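Please consult the sequence and the coordinates alongside the text.

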Amino acid sequence: MNLYDLMLIVPAVLTAYVISYISMPAIIKVADLKELIDSPDGKRKLHKRIVPTMGGVGIFAAFMISYSVWGQVVAVDSFPFFIAALLILFLMGVRDDIVELTPFKKFTIQIIASVILVYGGGISLSSFSGLFGIGDLSLSGGSVASVVILIAIINAYNLIDGIDGLAGGVGVIASSILGIWFWGAGFLSLAILSFSLSGALIGFLAFNMYPARIFMGDTGAMSVGFILGYLSLQFLILNHGLTAQPWHIANGEILAISILIIPIIDTLRVITIRLKSGNSPFKADRNHIHHEILEFGISHLYSAFILWLINIFMIGAAYLTMPLNINLQLIVILAIGLSFLPIIKIVYKVSNKIFHFESNKENQESPKTAYDMK
């Protein structure tokens, strides 16, 4: 870490932020004119206003321009394949925000993009470090695992795009934490990539916090989810090569899980509920964590803040529990993560009795989640 690094990282963040921030009003205007909007339906889309989608276009543009200018992309061997795969998902997201695609088509395109990155870019895990009893992986095994993880992260992130500010905030937290690690460990180009995404999302959040003026849509959810998946895999791969060095993270797999704990916990929870109810895991419903918190009577704004704080707390918990066996640590982290919803409910009920809060259920708006797989 030195002054030269900061001379690249700080401008990257500012460039991404400024481009994202100044582009959103124009995107909102165009989306309104072309009716690229999300209308309430009285069922799952309970927002009372017509809200433009396509915020992901601004996020994508801000990220790409900032990283291309400041990112020293030649230092990342997988960059051409990363960009090719990202463009495929971006274009799919644009198409889906305009004319909805079926879940099968989206899933197929996600597989294609992930295969391009993993097999073309060589982004393949070599070890699970004993997680689930799995140690070193063969090249083929690591490649398949990497593709599965990428697809899982894309869809898990997509699932939390359900209330104003939540997905963007989680994206800022995840990319910033990973950026700090890449910076400290000496991987400057990946640090700039991470912070460019952070800046782009912060600019978007200025228009996406409650009451949202624009949603990121599939264009944003697919692109950001893929970038976070790429960064997570890079973190795991590079961390394995830093054994006994200061920035090596013991049980790095658990830290990676904690960084994305909100989408991971939400996905596990929703799929379990749907299967227990005899429904398809791809059938949309209102059983997401953010929906449950809204049902308690907590406002949109505070619901997003609460989940941001939980995300940060879980990263700290993972760091503090690193001395544990990796599988025991996983159980502890998942148990803590799954316990937050009932704890929030109890705390809110007790606080409501003491302070007599007014219920916010009447005023809740639930913006569009990114697509039908939710």
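The points below cover salt bridges, cavities and the nonpolar core in turn.

The model is predicted, with local features requiring pLDDT of at least 70 and side-chain atom pairs counting only at pLDDT 80 or more, while totals for chains, interfaces and linings use all residues. Residues are numbered from 1 along each chain as its sequence is written, and side-chain values use heavy atoms, with hydrogens and water left out.

**Salt bridges**

- The structure holds four salt bridges, each defined as a side-chain nitrogen of Lys or Arg within 4 Å of a carboxyl oxygen of Asp or Glu.
- One of them pairs Asp-96 with Lys-106, with 3.5 Å between the closest N and O atoms.
- This pair links distant parts of the chain, Asp-96 in helix α3 (residues 79-98) and Lys-106 in helix α4 (residues 103-121), 10 residues apart; helices (H or I, at least four residues) are DSSP runs numbered from the N terminus.
- Lys-106 also forms a salt bridge with Asp-218, the closest N and O atoms being 3.9 Å apart.
- Here Asp-218 lies in helix α8 (residues 217-240) and Lys-106 in helix α4, 112 residues apart.
- Asp-96 and Lys-106 are both buried, a class that means under 20% relative accessible area, with exposed over 50% and partly exposed in between (1.4 Å probe, protein chains only).
- Lys-106 counts as buried because its relative accessibility is 0%, and Asp-218 counts as buried because its value is 1%.
- Arg-286 and Glu-295 meet through their side chains in a further salt bridge of 3.6 Å, N to O.
- Arg-286 is partly exposed at a relative accessible area of 23%, and Glu-295 is partly exposed at 41%.
- Through shared partners, Asp-96, Lys-106 and Asp-218 are joined into one network of salt bridges.

**Cavities**

- Two cavities of 30 Å³ or more are present; a cavity is a set of points, on a 1 Å grid over the protein atoms alone, where a 1.4 Å probe fits but cannot get out, and lining residues have an atom within 4 Å of a point.
- The largest cavity has about 120 Å³ of space, a volume being the space filled by probe spheres set on the points, which are joined across faces, edges and corners.
- It is lined by 13 residues, of which Ile-265, Ile-289, Ile-310, Gly-337 and Phe-340 are the closest to its centre.
- Two or more lining residues come from each of α10 (261-276), α12 (300-320) and α13 (326-355), and α13 gives the most, five residues.
- The lining of the largest cavity comprises 11 nonpolar, one polar and one charged residues, where Ala, Val, Leu, Ile, Met, Phe, Trp, Tyr, Cys and Pro count as nonpolar, Asp, Glu, Lys and Arg as charged, and the others, Gly among them, as polar.
- The second largest cavity has about 30 Å³ of space, and its lining includes Gly-56, Phe-63 and Ile-227.

**Nonpolar core**

- The largest nonpolar core has 113 residues, such a core being a set of buried Ala, Val, Leu, Ile, Met, Phe, Trp, Tyr and Cys residues joined through side-chain atoms within 4.5 Å.
- Helix α7 (residues 188-208) gives the most to this core, with 12 residues.
- The residues with the most contacts inside the core are Phe-63, Phe-82, Phe-226, Tyr-230 and Phe-235.
- Neighbours within four places in sequence aside, Phe-82 is in contact (heavy atoms within 4.5 Å) with Phe-63, Leu-117, Leu-193, Phe-226, Ile-227 and Tyr-230.

Methods: On a 1 Å grid over the protein atoms alone, a cavity is a set of points where a 1.4 Å probe fits but cannot get out, and a pocket is an open set with protein on both sides within 12 Å along at least five of seven lines; lining residues have an atom within 4 Å of a point.
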